[in-house]
Amino acid sequence: MARVLGKSLQGMLESVAKAGEPRNLERDRAHRALKRCGEEVDAGRLARAVQRALGYVPPRALPLLAERAGLTAESLLTRLEALEEIRLEPECQQRIEICSGRTCARRGGAKLIRLARGTLGVNMFETTPGQQIRLEPFRCFGQCARAPNIRMNGVIQGAMTEKRFGLLLGLLGRGKR
Ligand code: FES
């Protein structure tokens, strides 16, 4: 499968530096994937395990990977970039992130997640067939006053209703045919 490497090495390292953010489901899942690898320390095998769990190796997983492999962030990235099968960006045309933070979840975010999973037929961290639409949870965009929030292709859309989200999903679905 072709690699998708839009970000520069510097950009990736900046993302790594931001990884000290609050609890994050993506990082939790990467952590569990690494735990299942037992005593493995080979960066490539560890990265493949993370990629199986998340569809790619996200910036948030890089500090965990570097620590496990005993490498600096730079050497880890150099190692991963040399591996043809490793993706450092998700392979998708559209990326939908739904806030799963407490305020958004309470104000309807949990329903938005169910709606997206049902409509798209994929679970979180998965992409619809043909790499069209990827669904991800995100714990708090820092825009709680406008909850529930979603982020589509990097743009946050607040006060999302099921009706509006359903229409957006329908439009995306039509666009992929
Ligand atoms: S809880 Fe969703 S933006 Fe903060």
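**Entry 1: strand 1 and strand 3**

I started at Arg95 and found that it stands opposite Arg134 in strand 3. The model I am reading is a predicted one. I then looked up the pairing around this position: strand 1, residues 94–99, and strand 3, residues 133–138, run parallel to each other and share six bridges. Gln94 has Ile133 of strand 3 opposite it. Further along, I noted Pro137 in strand 3 as the bridge partner of Ile98. As a reminder to myself, strands of a sheet pair through backbone hydrogen bonds, in either a parallel or an antiparallel sense.

**Entry 2: the other pairings**

In which sense do strand 1 and strand 4 run, parallel or antiparallel? I found them antiparallel, joined by three bridges. Ile96 has its bridge partner in strand 4, and that partner is Met152.

Next I looked at strand 2, which pairs with strand 3 in the antiparallel sense over two bridges. Glu126 is bridged to Leu135 of strand 3. Strand 2 and strand 3 form a hairpin with five residues between the strands. In this hairpin I noted Gly130, whose phi is positive, near 80 degrees.

I put the strands in order and got an open sheet of five, 2-3-1-4-5, with mixed pairing. The edges are strand 2 (126–127) and strand 5 (155–157), each of which pairs on one side only. Helix 6, residues 102–120, packs on this sheet and touches strand 1, strand 3 and strand 4 (150–152). I recorded about 145 degrees between the direction of helix 6 and that of strand 1.

**Entry 3: the list of elements**

I counted seven helices and five strands in the protein. From the N terminus, the order I wrote down is α-α-α-α-α-β-α-β-β-β-β-α. Of the 177 residues, 30% count as buried. I also looked up contacts with a separation of 6 or more: 65% of them are between residues 24 or more positions apart.

**Entry 4: helix 3**

I checked the length of helix 3, residues 43–54. Its twelve residues should span 16 Å at 1.5 Å a residue, and its end C-alpha atoms are 16 Å apart, so the two values agree.

Which residues of helix 3 are buried? I listed Ala43, Leu46, Ala47, Ala49, Val50, Gln51 and Leu54. An α-helix has 3.6 residues a turn, so residues three or four places apart point the same way. I then asked what covers the buried residues of helix 3. The cover includes helix 2 (25–35), helix 4 (62–69) and helix 5 (73–81). After helix 3 comes Gly55, with a positive phi near 90 degrees.

**Entry 5: Ala159**

Last, I looked for Ala159 and found it in the loop between strand 5 and helix 7 (162–175).

Notes. Residues numbered from 1 in each chain as written. Predicted model: local features only at pLDDT ≥ 70, side-chain atom pairs only at ≥ 80, totals over all residues. Helix = DSSP H or I, 4+ residues; strand = E, 2+ residues; numbered from the N terminus. Buried ≥ 20, exposed ≤ 12 C-beta atoms within 10 Å, placed from the backbone. Contact = placed C-beta atoms within 7 Å. Pairing = 2+ DSSP bridges. Axes fitted to C-alpha atoms, helices over the stretch in contact; angles between N-to-C directions. Expected span 1.5 Å × (residues − 1).
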